[in-house]
Amino acid sequence: MNEKLIDDIKHLLQWYRLNYGETLSIPGELSFDLEDEETAPAIPVPQPAAVAREADRESLADPLKIHGDHPRLKSFYEEIRNCRNCDLSQSRKHFVFGMGNPQADIMFIGEAPGRDEDEQGFPFVGRAGKLLDKMLFALGLKREDIYIANVLKCRPPGNRDPLPDEVLQCEPYLQQQLAIIQPRVVVALGRIAAQVLLKSGDSLKILRESEHSYNGIPFIVTYHPAALLRNSGWKALAWHDLKKLKKHMAGEL
Ligand code: URA
């Protein structure tokens, strides 16, 4: 057996053990079942969330994780990091530019920083971020393999939806990040990211079920991890969406 296959099998078994414990029973197709941090089974195997938390701590000490020393991304970050284009700049603690690998093939797009992200200056570092890490792990990916950014770079007070004017001011930043990073696939996490980038008023259901491209780049729409934390019944549907990403990664789409 080749090493890659052995690694994949190990990975799958670790993921299964993490989510289901020691009993191996596969009811039909393997579904996407991710537990909240609080209810996750306490199994003495290295947990992806723990690994990711370490990576996050490292990234907090190393702002290079924002731009990876990529010349264009770095200079764009320097150019916009003190943005005062809208009122959110008054209440923010951090301008949350994004983080990850500027050479990534896959870019995930969220909505806006929440409280934890505002505190720390990095996207998806709170509970939704931990779930995102598990979603990545289930795909065989780590934070360092992708780039993540949000539509808004500053936290809307009380985590309300972005206002049209805030999106108007901030979206060009995201467009520029996409133009610099040039991912091979874009994944929109939730309705807002999908509607903004696709210039659509369609529901998440319709957006998830249709094929899209963004400036010629395949564009996958799935649930926001925060929505999956609220309604775990959607996790199987999210896994269905992420299987499209797997196919893109394998060059099958
Ligand atoms: N939700 C988002 O959409 N983005 C973040 O960075 C965190 C939570």
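Colleague: What makes you say that both faces of strand 3 are covered?

Modeller: Keep in mind that this is a predicted model. On one side of strand 3 sit Ile146, Ile148 and Asn150, on the other Tyr147 and Ala149, and all are buried. Buried means under 20% relative accessible area. With 5 of its 5 residues buried, strand 3 is mostly covered.

Colleague: Which strands does strand 3 pair with, and how do you know?

Modeller: Pairing takes at least two bridges between the strands. Strand 1 and strand 3 are joined by 2 bridges and run antiparallel, so that pair qualifies under the rule of at least two. Methionine 99 has isoleucine 148 as its bridge partner there. Strand 2 and strand 3 have 5 bridges and run parallel, with isoleucine 106 opposite isoleucine 146.

Colleague: What is the strand order in the sheet, and why are strand 1 and strand 5 said to stand at the edges?

Modeller: The 6 strands form an open sheet in the order 1-3-2-4-6-5, with mixed pairing. Strand 1 (99–100) and strand 5 (212–214) each have a single partner strand, so one side of each lacks a neighbour in the sheet. For strand 5, pairing with strand 6 (residues 217–222) is antiparallel, over 3 bridges. Histidine 212 stands opposite phenylalanine 219 in that pair.

Colleague: Which helices lie across those strands?

Modeller: Helix 8 (residues 164–181) is one of them: it lies across strands 2, 3, 4 and 5, at about 170° to strand 2. Helix 9 (residues 191–198) lies across strands 2, 4, 5 and 6, running at about 150° to strand 6.

Colleague: Why are helix 4 and helix 8 called roughly antiparallel?

Modeller: Helix 4 (residues 71–80) packs against helix 8 at an angle of about 165°, their axes 10 Å apart. Angles over 145 degrees count as roughly antiparallel, so that is the label for this pair. The crossing is right-handed.

Colleague: What makes up the contact between helix 4 and helix 8?

Modeller: From helix 4 come Arg72, Leu73, Phe76 and Ile80, and from helix 8 Tyr173, Gln176, Gln177, Ile180 and Ile181. The residues of this contact divide into 6 nonpolar, 2 polar and 1 charged.

Colleague: What does proline 218 contact beyond its neighbours within four places in sequence?

Modeller: Arg184, Val185, Val186, His212, Ser213 and His248. Proline 218 and histidine 248 are 30 residues apart in sequence, and their C-alpha atoms are 8.5 Å apart in space.

Colleague: How many helices, strands and residues does the chain have, and what share is buried?

Modeller: The protein chain has 12 helices and 6 strands. Of its 253 residues, 50% are buried.

Note on methods: Residues numbered from 1 in each chain as written. Predicted model: local features only at pLDDT ≥ 70, side-chain atom pairs only at ≥ 80, totals over all residues. Heavy atoms only, no water. Helix = DSSP H or I, 4+ residues; strand = E, 2+ residues; numbered from the N terminus. Contact = heavy atoms within 4.5 Å. Axes fitted to C-alpha atoms, helices over the stretch in contact; angles between N-to-C directions. Parallel < 35°, antiparallel > 145°, perpendicular 65-115°, else oblique. Left-handed = near helix turned anticlockwise from the far one by under 90°. Nonpolar A, V, L, I, M, F, W, Y, C, P; charged D, E, K, R; others polar. Buried < 20%, exposed > 50% of the residue type's maximum accessible area, 1.4 Å probe, protein only.
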